[in-house]
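Me: Please examine the structure shown below and answer several questions about its charged contacts and its metal site.

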Amino acid sequence: MISKVKSAMSSLVGGMMPHHHHNQHSGGGSGGGGAGQTHGADGLPPRFPYGRPDFLELTPELLQYSTEHASRPVLTLKRGCRLPWGTGYAEVINAGKSMLNEDQASCEKLFVKKPSGKHRNSTLLEDNGDGTGIPIHFWGVFDGHAGSGAAIMASKLLSRLIRDRLGEICHLMENPDSAPPICLTKNGSPYEAESKKGVTQEPEDPDAVSDTTLRFHMEKVVSLESLVMGVIETAFKQMDDLIEKEKTSYAISGGCCALAAIQLMGKLYVANAGDSRAIIIRNSEVIPMTNEFTPESERQRLQYLGFLRPELLGNEFTHIEFPRRIQYGELGKKMLYRDYSMTGWAYKTIVEEDLKFPLIYGEGKKARVMATIGVTRGLGDHDLKVYSSNIYIKPFLSCVPEVKVYNMDENKHGPDDVLIMGSDGLWDVTTDKDVADAVCAYLSCCDQSDPMRYTMAAQDLLMRSRGVLKERGWRLPNDRLGSGDDITVFIVPLAGYESET
Ligand code: MG
């Protein structure tokens, strides 16, 4: 038995060869290599070994089993294993585009405390679970590409970075009912001020801003909610910087889209950088909680950067968009185009510069930045280059999430009201409405006292996107192609909040 386990582990973790693939996100040679190798191309050890989320409690045999592309087994929480709020979870590997499942997930309850003065990174992995401090709940979906290194690292550390940064505003959160609007002093540290109709008074602090003109500009009233949003935004940046820094000592392959939900003091903050998606279903109605960031949705930002810094395009790409590639023989002719400032199309005369490959090319899921990547926000990808060139993609990628806030306390939730978070593998072949209808139908037939009901609903949802294996690949009931991507789903019951916190 032990030798069987050993061989399972060695073939999974140690024996995998660097694996080149073209997945939906990354079309070019990214240098990411195999996700599971023990050492990267530079002989560096992995930052974290390949694995599935800890809460699945997989044995080495099950871990091996989870990688079988031919059968694509669905992994769910074990009966008896409970996530915060009774959260449901299911995942499945792709149909063969990469050797390992490049999605990752995390779900945990953490406690925010004032900074203790210890060196931050040394305490990052501690879960400070002694039950004191302000509780937060965290759910994360990380969709990796060109390797799973960045996704695994983000799934282990992003929640901790957010927790530690929240610690810095802990004193403002401890007494929320009496918390007045917050002002920022000259040095940027928040202080609490008494407020009357937005007019704030300076605290009795000799170091506080004394120049009246400057004070006029500095005394903007900042809500606690927007401070939390700022914490989340800066924690994403910190996570991205940490990946870059640790790449000098560890093999951290690829990059990842990051979707995180953080529940804190009656509010749910949903932060998204990439093309994963979250929706709330309340009274059978869909409330979208994310926008996707793709070459098409971020066209103007990308074009503007290419316009401002043409050197980033390496003399090979043009920031101007045309409906199709321009042929040499079309020089001097008129052609439709779109620049960074435009939503509509206009005509221009073709010049030599326009013959270069477009910065953004392709439509829908096939749209790419510099013919390489299909998502424009996420973490990692620091060494991703255009295939056989020295042009880096990273300057065009943003690690900053869009954060949306949902006020849990302002709404009453029934047992069938849920937050659904999924990687793009779930959503590629289905609509929000179909997902909502399927989940509502499933939950309404499911025993409300069954602790597995949300996991079973997640499994049902996942199967609807994966389909079943037929002679011509994975097929949905209507015979359309099922999703061949890695699929990850959380279903979070919003009424679980009332019973647990
Ligand atoms: Mg995906």
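Reply: A salt bridge is counted when a side-chain nitrogen of Lys or Arg lies within 4 Å of a carboxyl oxygen of Asp or Glu. The model is predicted.

Me: What is the N to O distance in the salt bridge between Lys 365 and Asp 428?
Reply: Lys 365 lies in the loop between strands E17 and E18, and Asp 428 in the loop between helices H9 and H10, so the pair ties together parts 63 residues apart in sequence. The side chains meet in a salt bridge with an N to O distance of 3.3 Å.

Me: Which protein residues are the donors of the magnesium ion?
Reply: Along the chain the donors follow the spacing D-x280-D-x60-D. Their OD atoms lie 2.1 to 2.2 Å from the ion, and the residues are Asp 143, Asp 424 and Asp 485.

Me: Are Lys 97 and Asp 485 buried or exposed?
Reply: The side chains of Lys 97 and Asp 485 form a salt bridge at 2.7 Å, N to O. Lys 97 lies in the loop between E2 and E3 and Asp 485 in the loop between E23 and E24, so the pair connects parts 388 residues apart in sequence. Buried means under 20% relative accessible area. Both Lys 97 and Asp 485 are buried.

Conventions
Residues numbered from 1 in each chain as written. Predicted model: local features only at pLDDT ≥ 70, side-chain atom pairs only at ≥ 80, totals over all residues. Heavy atoms only, no water. Donors = N, O, S within 2.8 Å, 3.2 Å for Na, K, Ca; no water. Helix = DSSP H or I, 4+ residues; strand = E, 2+ residues; numbered from the N terminus. Buried < 20%, exposed > 50% of the residue type's maximum accessible area, 1.4 Å probe, protein only.
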